[in-house]
Amino acid sequence: MHREAVAGSRPAQRSVGRPGQDGMRVARMSGTATTGTSSTLDTLGRLESEAIHIFREVAGEFDRPVILFSGGKDSTLLLHLAVKAFWPAPVPFPLLHVDTGHNFDEVIEFRDRVVAEHGLRLEVAKVQDYIDDGRLSERPDGTRNPLQTVPLLDAITSHKFDAVFGGGRRDEERARAKERIFSLRNAFGQWEPRRQRPELWNLYNGRHRPGEHVRVFPLSNWTELDVWHYIAREGIELPSIYYAHTRDVYLRDGMWLAEGPWGGPRDGEELITKTIRYRTVGDGSCTGAVESDATDIEAVIAEVAASRLTERGATRADDRLSEAAMEDRKREGYF
């Protein structure tokens with residue numbers, strides 16, 4: 001469990017930003033997202049402008065979009081960009097979280113606080129409900145990450161969502177590198193790479209038949225380092241577990257896992273108190289920590305810049321089940 005944060009000089013942060021609250025942020029938004037030219041925009045400005053354009057394109061083209069929001073860094077960044085895209089109007093979409101029941105307490109607290117601060121509607125699809133009534137069964141390995149697909153697809157169908165924003169990035173994993181920004185899912189919510197349409201420049205094709213929907217990835221062209229640089233630039237608050245803290249963990253298959261309701265440590269696995277942080281914050285049963293003393297954003301950026309492993313390669317046990325683990329899950333409807 002989370003013991004205590006290591007004393008550090010983390011800069012003052014705020015939750016997902018309200019760009020109009022001060023003149024500087026309004027000027028930045030108008031200067032980069034709407035009136036600047038490519039020659040005057042820096043990398044973060046171009047990425048921000050592209051994401052805002054995608055949000056507005058979806059708002060004009062679809063009837064019932066939704067944003068996947070778990071409280072992790074990518075979905076928090078996604079929400080921050082959505083707030084900018086429609087400011088001063090509120091974000092015109094609800095949020096959706098598929099809760100495995102194995103989440104970190106700090107992340108759920110952060111999720112609920114951000115939703116309340118912005119007055120947004122959050123739909124939560126719970127894996128536990130499906131286990132309780134027999135629609136899903138616990139896996140022998142104890143992880144619930146692969147079990148998210150069925151509740152996700154049921155939520156999309158029951159709410160008639162036709163566009164689903166996700167925080168996936170191409171640099172995370174090879175299957176996500178294949179994705180278009182507008183990714184068509186069939187009537188069963190499944191992904192078929194051969195059916196994806198070409199995307200030339202910033203021309204996106206949202207055409208879909210009744211029952212189909214489109215997954216939308218505004219962060220496709222961002223890297224993990226871009227995300228952290230932007231979080232630093234915008235002063236975006238994140239759950240505390242993204243920064244170094246002490247926690248009881250055990251080593252399994254080369255990955256530091258935390259004790260929790262998902263089981264572990266098993267016989268022969270020793271619980272050790274270490275100073276760690278998380279690069280991703282997925283299901284606790286398969287999300288590993290990295291040893292780190294990075295207590296603030298600048299230290300995290302330096303650490304990420306020096307890493308030779310992607311965040312999923314370093315910390316996600318579910319991606320190690322097979323060479324094509326992510327692609328197999330995506331074909332079934334996983335995000």
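Tutor: Start with Tyr204, which is buried, with a relative accessible area of 9%. Bear in mind that the model is predicted.

Student: What makes Tyr204 count as buried?

Tutor: Buried means under 20% relative accessible area. Tyr204 has 9%, so the label buried applies.

Student: How do you know whether Phe182 is buried or exposed?

Tutor: The relative accessibility of Phe182 is 4%. That value is under 20%, so Phe182 counts as buried.

Student: Why is the pair of Phe182 and Tyr204 called stacked?

Tutor: A search of the whole structure finds nine aromatic pairs. In the pair of Phe182 and Tyr204, the ring centres are 5.1 Å apart and the planes are at 25°. Centres within 6.5 Å make a pair, and planes under 30 degrees apart count as stacked, so this pair is stacked.

Student: What does the pair of Phe182 and Tyr204 tie together?

Tutor: Phe182 lies in strand β6 (residues 182–185), and Tyr204 lies in the loop between β6 and β7 (213–216), so the pair ties together parts that are 22 residues apart in sequence.

Student: Why is the pair of Trp222 and Tyr230 called edge-to-face?

Tutor: The ring centres of Trp222 and Tyr230 are 5.2 Å apart, and the planes are at 90°.

Student: Which residues do ring pairs link into a cluster?

Tutor: Phe55, Phe86, Phe93 and Phe165 are linked in this way.

Student: How do you know that helices α2 and α3 are roughly perpendicular?

Tutor: The axes of α2 (residues 43–61) and α3 (residues 73–86) cross at roughly 70° and come within 9 Å. Angles of 65 to 115 degrees count as roughly perpendicular, so α2 and α3 get that label. Their crossing is right-handed.

Student: Which residues of α2 and α3 meet?

Tutor: On the α2 side, they are Glu48, Ala51, Ile52, Phe55, Arg56 and Ala59. On the α3 side, they are Leu78, Leu81, Ala82, Lys84, Ala85 and Phe86. Phe55 and Phe86 also belong to the ring cluster.

Student: Where does the charged end of Arg135 sit?

Tutor: The charged end of Arg135 sits over the ring of Tyr130, 3.7 Å from the ring centre.

Terms used. Residues are numbered from 1 along each chain as its sequence is written. This is a predicted model: local features need pLDDT of at least 70, side-chain atom pairs count only at pLDDT 80 or more; totals for chains, interfaces and linings use all residues. Side-chain values use heavy atoms; hydrogens and water are left out. Rings of Phe, Tyr and Trp (its six-membered ring) pair if their centres lie within 6.5 Å; planes under 30 degrees apart count as stacked, over 60 as edge-to-face and the rest as tilted. Helices (H or I, at least four residues) and strands (E, at least two) are DSSP runs, numbered from the N terminus. Buried means under 20% relative accessible area, exposed over 50%, partly exposed in between (1.4 Å probe, protein chains only). A charge sits over a ring if NZ of Lys or CZ of Arg is within 6 Å of the ring centre and within 35 degrees of the ring normal. Axes are lines fitted to C-alpha atoms, for helices over the stretch in contact, and angles run from 0 to 180 degrees between N-to-C directions. Angles under 35 degrees count as roughly parallel, over 145 as roughly antiparallel, 65 to 115 as roughly perpendicular and the rest as oblique. A crossing is left-handed if the near helix is turned anticlockwise from the far one by less than a right angle, and right-handed if clockwise. Contact means heavy atoms within 4.5 Å.
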